[in-house]
Amino acid sequence: MDFDAARAILRGNDLGTYTVPTKGLYPFQWNWDSAFTALGWLTFEEGRAWKEAQAMFSGQWDNGMVPHILFHGPSDSYFPGPGIWGAESGIPSSTISQPPVWATAITLMLQRSSASSAARAAVRDLLPQLIDYHLWWYRDRDLDNTGLVESYHPWESGMDNSPAWDAPLARVPRVEWGYQRRDLNHVDQAQRPSDAEYDRYLHLIELNRQHRFEPRRVAPASPYRVIDIGTVAILQRATHDLINLCREFGQEESVPELEAELVRTGKAARRCWSGEYRCFLNWDKISDAPLREHTTAALLPLFGHLADAGQAGEMASLTEQWLAASEFSLASTHPRSPFYEPQRYWRGPVWLHVNWMIADGLRAYGYTELADRIKQESRKCIMAAGGYYEYFNSETGKGCGGANFSWTAAVALFWFQAG
Ligand code: GLC
């Protein structure tokens with residue numbers, strides 16, 4: 001595998017303090033992309049990795065939220081821009097967040113850093129912001145203190161058009177004003193969400209703006225309230241890592257609160273377990289029912305250490321069957337689902353950063369061989385496609401979405417090269 005090319009992609013997408021996911025299609029800083037990308041930077045330019053984190057947290061809101069997009073500079077190649085989101089202070093940004101993988105990324109960065117005093121100084125400075133970010137999730141995304149954070153927009157899950165969101169999204173009205181999608185200037189429509197989905201994404205952005213981004217006002221008015229089990233799992237893992245960082249750096253004031261949240265989530269997640277589906281399911285808060293769909297979010301509780309040994313065994317055997325169901329794996333939606341589409345974004349293609357998290361979880365539960373198989377499958381995509389694409393067709397391995405994509409190049413560097 002050509003790791004020089006992977007490094008060249010990060011350099012090419014580098015705007016000095018932050019890395020764009022890919023030029024044109026995504027010309028700003030995205031939250032979870034940046035966390036994975038920082039892990040890639042760490043393998044060859046450590047100082048740059050810490051800058052990436054600092055740039056992201058420079059956009060943190062006063063209430064602790066770290067937005068899913070920071071519009072650091074102008075660009076007309078992306079829609080919807082800051083004007084549509086409507087946030088008025090600080091660095092222009094979106095008004096929702098994304099799966100909070102940062103505390104885990106920073107833990108790994110610290111462990112793998114050779115310049116340890118610089119790394120320790122960076123972590124010490126970032127820690128209060130990380131704590132505020134996690135407390136924001138528990139306060140503003142779990143209004144009823146259930147232990148399961150929810151979201152009011154599919155984009156907050158990072159898995160925009162996952163079939164798991166179809167039913168709740170269908171309740172959302174479509175905006176009636178006209179607009180121009182810019183994503184279709186860069187990528188074939190067959191690999192992107194539909195116009196009907198976009199109309200509804202925009203409605204939810206408007207709703208958030210009308211209620212001044214205040215979840216206590218948004219939640220009762222929103223037709224879309226979903227517990228994304230992927231975000232729950234990533235938050236759980238990251239809070240666990242954050243607590244360890246707090247202890248190591250003697251910033252323990254919030255540890256009891258964070259620990260209480262870990263316990264609460266550990267118990268609450270049990271209700272999302274499905275013996276029939278052999279995994280954890282996403283949950284629709286409005287109908288108070290599980291969203292019965294095999295998407296890779298359903299395997300992320302392994303990464304969050306939310307499964308007991310029996311559940312992990314069931315999930316491992318489901319994963320084996322899932323791997324066998326398409327030539328390139330893991331398909332983001334199980335190929336046996338009626339909603340599976342091998343090249344359409346989150347409805348089937350393979351995403352390498354998700355594969356890494358699932359493999360990491362399997363390894364922690366002792367399924368090392370299976371974890372290695374996922375790693376091989378992930379390598380196979382890059383080799384078949386001949387490059388570091390945004391995602392990969394699960395049947396042909398063909399590269400899809402944006403080319404020269406930061407998180408895919410970064411995953412190759414920290415997972416395949418550094419090991
Ligand atoms: C898409 C993906 C999201 C990602 C962003 C930038 O919106 O669904 O997960 O963060 O693109 O790559």
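## Salt bridges, fold and backbone of a predicted model

The side chains of Arg181 and Asp183 are joined by a salt bridge, with N and O 2.7 Å apart. This is a predicted model. Arg181 is buried, at 7% relative accessible area. Asp183 is buried too, with a relative accessibility of 7%.

### Salt bridges

How many salt bridges does the count come to? The count is 30.

Glu52 and Arg48 meet through their side chains in a salt bridge of 3.0 Å, N to O. Both belong to helix α3, which covers residues 46-57. They are four residues apart there, so about one helical turn separates them. Glu52 is buried, and Arg48 is buried as well.

Arg141 pairs with Glu156, and their closest N and O atoms are 2.7 Å apart. Arg141 and Glu156 are both buried.

| Pair | N to O distance |
|---|---|
| Arg181 and Asp183 | 2.7 Å |
| Glu52 and Arg48 | 3.0 Å |
| Arg141 and Glu156 | 2.7 Å |

Salt bridges also link residues into a network. Its members are Asp166, Glu197, Glu341, Arg344 and Arg347.

Charge can also be viewed across the whole protein. There are 39 positive side chains and 50 negative ones. The centres of these two sets lie 1 Å apart.

### Overall fold

The protein contains 15 helices and nine strands. Its radius of gyration is 20 Å, close to the 22 Å that the globule rule gives for 419 residues, so the protein is as compact as a globular protein of that length. The C-alpha trace spans about 50 × 45 × 45 Å along its principal axes.

Of the 419 residues, 63% are buried. Contacts across the sequence can be counted as well. Among contacts with a separation of 6 or more, 71% are between residues 24 or more positions apart. The accessible surface amounts to about 14,800 Å². Carbon and sulfur atoms account for 47% of that surface.

Is Glu261 buried or exposed? Glu261 has a relative accessible area of 5%, so it falls under the 20% cut-off and is buried. Glu261 lies in helix α11, residues 255-268. Beyond residues up to four places away in sequence, Glu261 touches Tyr138, Asn145 and Gln236.

Ser254 is placed in the loop between α10 (229-248) and α11. Ser254 counts as buried, at 15% relative accessibility. Which residues does Ser254 touch, leaving out those up to four places away in sequence? They are Ile131 and Leu135. Ser254 and Ile131 are 123 residues apart in sequence. In space, their C-alpha atoms are 7.5 Å apart.

### Backbone exceptions

Most peptide bonds are trans, and most residues other than glycine have a negative phi. The residues below depart from these patterns, starting with the peptide bonds.

Phe79 and Pro80 are joined by a cis peptide bond, with omega about 5°. Pro80 is in the loop between β2 (69-70) and α4 (82-85). Another cis peptide bond joins Ser329 and Leu330, with omega about -10°. Leu330 is in the loop between α12 (309-324) and α13 (352-364).

Positive phi values come next. Phe213 is a residue other than glycine, yet its phi is positive, near 60°. Phe213 is found in the loop between α8 (195-210) and α9 (215-221). Its relative accessible area is 14%, and Phe213 is buried.

Arg278 is not a glycine either, and its phi is positive at about 60°. Arg278 lies in the loop between β4 (273-274) and β5 (279-280). Is Arg278 buried or partly exposed? At 25% relative accessibility, Arg278 counts as partly exposed.

Technical notes: Residues are numbered from 1 along each chain as its sequence is written. This is a predicted model: local features need pLDDT of at least 70, side-chain atom pairs count only at pLDDT 80 or more; totals for chains, interfaces and linings use all residues. Side-chain values use heavy atoms; hydrogens and water are left out. Helices (H or I, at least four residues) and strands (E, at least two) are DSSP runs, numbered from the N terminus. Buried means under 20% relative accessible area, exposed over 50%, partly exposed in between (1.4 Å probe, protein chains only). Contact means heavy atoms within 4.5 Å. The radius of gyration is taken over C-alpha atoms; the globule rule is 2.2 Å times the number of residues to the power 0.38. Accessible areas come from the Shrake-Rupley method with a 1.4 Å probe; for residues, only the protein chains shown count as cover. Lys and Arg count as positive and Asp and Glu as negative; His and the chain ends are not counted. The place of a charge is taken as NZ of Lys, CZ of Arg, CG of Asp or CD of Glu. A salt bridge is a side-chain nitrogen of Lys or Arg within 4 Å of a carboxyl oxygen of Asp or Glu.
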